[in-house]
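Dear colleague,

I am handing over to you the structure shown below. Please read this message with the structure open beside it.

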Amino acid sequence: MAGTGRPETMLTLNANYPRGKGGTRVSVEKYEVIKRAILKAVPRTSNGIAFRDLPKAVERNLTRTERGTIGSVSWYATTVKLDLEARGFIERVPDASPQRLRRVK
């Protein structure tokens with residue numbers, strides 16, 4: 001909210017739950033930083049990136065300042081990843097085990 005001194009927040013979506021259920025409230029600023037880093041890390045190729053590799057890939061795409069202000073990169077990467085799946089920006093590679101992610105074309 002403008003003027004309150006509190007960071008603006010948003011309610012994320014969660015691909016594992018029906019729309020409107022299971023979301024998490026996060027800072028809009030942190031969400032945008034992590035979203036940018038995820039979209040840079042997740043390729044459009046058919047085999048994508050392994051979910052277990054996502055936090056490190058996201059961290060590599062953050063500046064030193066961003067890494068210092070985010071907190072748990074792994075937690076934010078997972079939360080924003082679920083939101084980006086629910087919004088159709090990324091998807092799970094079908095039949096891939098362990099889980100792999102790719103950008104939607």
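This is a predicted model: local features need pLDDT of at least 70, side-chain atom pairs count only at pLDDT 80 or more; totals for chains, interfaces and linings use all residues.

Residues are numbered from 1 along each chain as its sequence is written, and side-chain values use heavy atoms, with hydrogens and water left out.

Helix α4

Helices (H or I, at least four residues) and strands (E, at least two) are DSSP runs, numbered from the N terminus. Helix α4 covers residues 73–86. The expected span of a helix is 1.5 Å times one less than its number of residues. For the 14 residues of α4 this gives 20 Å, which agrees with the 20 Å between its end C-alpha atoms.

Buried means under 20% relative accessible area, exposed means over 50%, and partly exposed lies in between (1.4 Å probe, protein chains only). Because 10 of the 14 residues of α4 are buried, this helix is largely enclosed by the rest of the structure. Among the buried residues are V73, Y76, K81, D83 and E85.

Aromatic rings

Rings of Phe, Tyr and Trp (its six-membered ring) pair if their centres lie within 6.5 Å; planes under 30 degrees apart count as stacked, over 60 as edge-to-face and the rest as tilted. The structure holds one aromatic pair. Its rings belong to W75 and Y76, with centres 4.8 Å apart and planes at 85°, so the pair is edge-to-face. W75 is partly exposed, at a relative accessible area of 40%, whereas Y76 is buried, at 11%.

Rings also meet charged groups here. A charge sits over a ring if NZ of Lys or CZ of Arg is within 6 Å of the ring centre and within 35 degrees of the ring normal. The charged end of K35 is placed in this way over the ring of F89, 4.7 Å from its centre. K81 lies over the face of F51, at 5.0 Å from the ring centre.

Salt bridges

Side chains of opposite charge can pair when their charged atoms come close. A salt bridge is a side-chain nitrogen of Lys or Arg within 4 Å of a carboxyl oxygen of Asp or Glu. How many salt bridges does this rule give? The count comes to five.

One of them joins E66 and R36, with N to O at 2.8 Å. E66 lies in helix α3 (residues 64–70) and R36 in helix α1 (residues 28–41), so the pair ties together parts that are 30 residues apart in sequence. E66 is buried, with a relative accessible area of 17%, and R36 is partly exposed, with 37%.

D83 forms a salt bridge with R87, and their closest N and O atoms are 2.7 Å apart. D83 is buried, with a relative accessible area of 0%, while R87 is partly exposed, with 37%.

K81, E85 and R92 are linked in a network of salt bridges.

R102 and E91 also meet through their side chains in a salt bridge, at 2.6 Å from N to O. R102 lies in strand β5 (residues 100–103) and E91 in strand β4 (residues 90–92), so the pair ties together parts that are 11 residues apart in sequence. R102 counts as buried at 17% relative accessibility, and E91 as partly exposed at 29%.

Strands and loops

Two strands pair if DSSP finds at least two bridges between them. Strands β4 and β5 run antiparallel and are joined by three bridges. E91 has R102 as its bridge partner in β5. Strand β3 (residues 49–50) also pairs with β5 in the antiparallel sense, over two bridges. There, the bridge partner of I49 is L101.

What joins S97 and P98? The link is a cis peptide bond, with omega about 0°. P98 is found in the loop between β4 and β5. D95 has its place in the loop between β4 and β5 too. Although D95 is not a glycine, it has a positive phi of about 65°. Is D95 buried or exposed? At 83% relative accessibility, D95 counts as exposed.

With kind regards
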